[in-house]
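Open the model in your viewer and keep the selection panel at hand. Each stop below tells you what to select next.

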Amino acid sequence: QPQLVESGGGLVQPGGSLRLSCVSSGSIFERSAMGWYRRPPGQGRELVATITDGHRTLYGDSVKGRFTISRDNAKSTTYLQMNDLSSEDAAVYYCHDLKWDAWGQGTQVTVSS
């Protein structure tokens, strides 16, 4: 079972950017599809983006054109570049290893002026 550790969350102003990172350990990272999900306050968890072992990507409708998921197999790291953030993007963001159904502890993103 891999262990996932997210980082990069924080407070950002509307229109700003953040980059989240997720470092994986304990598995053969390059064989796993990876994803980012989020849980806004008082709501359920929702898909943000996924990336396969072949680097094919899929995005939730609300983030298309603003967020970019990528991976660096040499560093066992998955990234989420988030641009043009709004209050609707405020949430706890979770990294997910789809192959092993493993989750990170989450990182908080707050969007406020």
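**Salt bridges**

Four salt bridges are counted here, each being a side-chain nitrogen of Lys or Arg within 4 Å of a carboxyl oxygen of Asp or Glu. This is a predicted model, where local features need pLDDT of at least 70, side-chain atom pairs count only at pLDDT 80 or more, and totals for chains, interfaces and linings use all residues. Residues are numbered from 1 along each chain as its sequence is written, and side-chain values use heavy atoms, with hydrogens and water left out.

Select Arg38, Glu46, Arg66 and Asp89. A network of salt bridges links Arg38, Glu46, Arg66 and Asp89. Start with Arg38 and Glu46: their side chains meet at 2.6 Å, N to O. Are these two residues buried or exposed? Arg38 has 3% relative accessibility, so it counts as buried. Glu46, at 26%, counts as partly exposed. The cut-offs: buried is under 20% relative accessible area, exposed is over 50%, and partly exposed lies in between (1.4 Å probe, protein chains only).

Now move to Asp89. Its side chain forms a salt bridge with Arg38 (3.0 Å, N to O). The pair links distant parts of the chain: Asp89 sits in the loop between β8 (77-82) and β9, Arg38 in strand β4, and they are 51 residues apart. Strands (E, at least two residues) and helices (H or I, at least four) are DSSP runs, numbered from the N terminus. Asp89 has 1% relative accessibility, so it counts as buried.

Asp89 also meets Arg66 in a salt bridge (2.8 Å, N to O). Arg66 lies in the loop between β6 and β7 (67-72), 23 residues away from Asp89. At 17% relative accessibility, Arg66 counts as buried.

**The disulfide**

Select Cys22 and Cys95. One disulfide is counted, meaning a pair of cysteine sulfur atoms within 2.5 Å. Cys22 and Cys95 are joined, S to S, at 2.1 Å. The torsion about their S-S bond is about -80°, so the disulfide is left-handed. Cys22 belongs to strand β3 and Cys95 to strand β9, 73 residues apart. Both cysteines are buried.

**Strand β9 and its partners**

Six of its seven residues are buried. Which strands pair with β9? Two strands pair if DSSP finds at least two bridges between them.

- β4 (residues 34-39) pairs with β9 in the antiparallel sense over six bridges; Trp36 has Cys95 as its bridge partner.
- β11 (residues 107-111) pairs with β9 in the antiparallel sense over three bridges; Val92 has Gln108 as its bridge partner.
- β10 pairs with β9 in the antiparallel sense over two bridges; Asp97 has Ala102 as its bridge partner.

**Positive phi**

Most residues other than glycine have a negative phi. Select Asp101, in the loop between β9 (91-97) and β10 (102-103). Its phi is positive, near 55°. The hairpin of β9 and β10 has four residues between the strands.

Next, select His55, in the loop between β5 (46-51) and β6 (57-59). His55 also has a positive phi, of about 70°. At 42% relative accessibility, His55 counts as partly exposed.

**Last stop: Gly16**

Select Gly16, in the loop between β2 (10-12) and β3 (18-25). It counts as buried, at 17% relative accessibility. Leaving aside neighbours within four places in sequence, Gly16 contacts Met82, Asn83, Asp84 and Leu85, where contact means heavy atoms within 4.5 Å.
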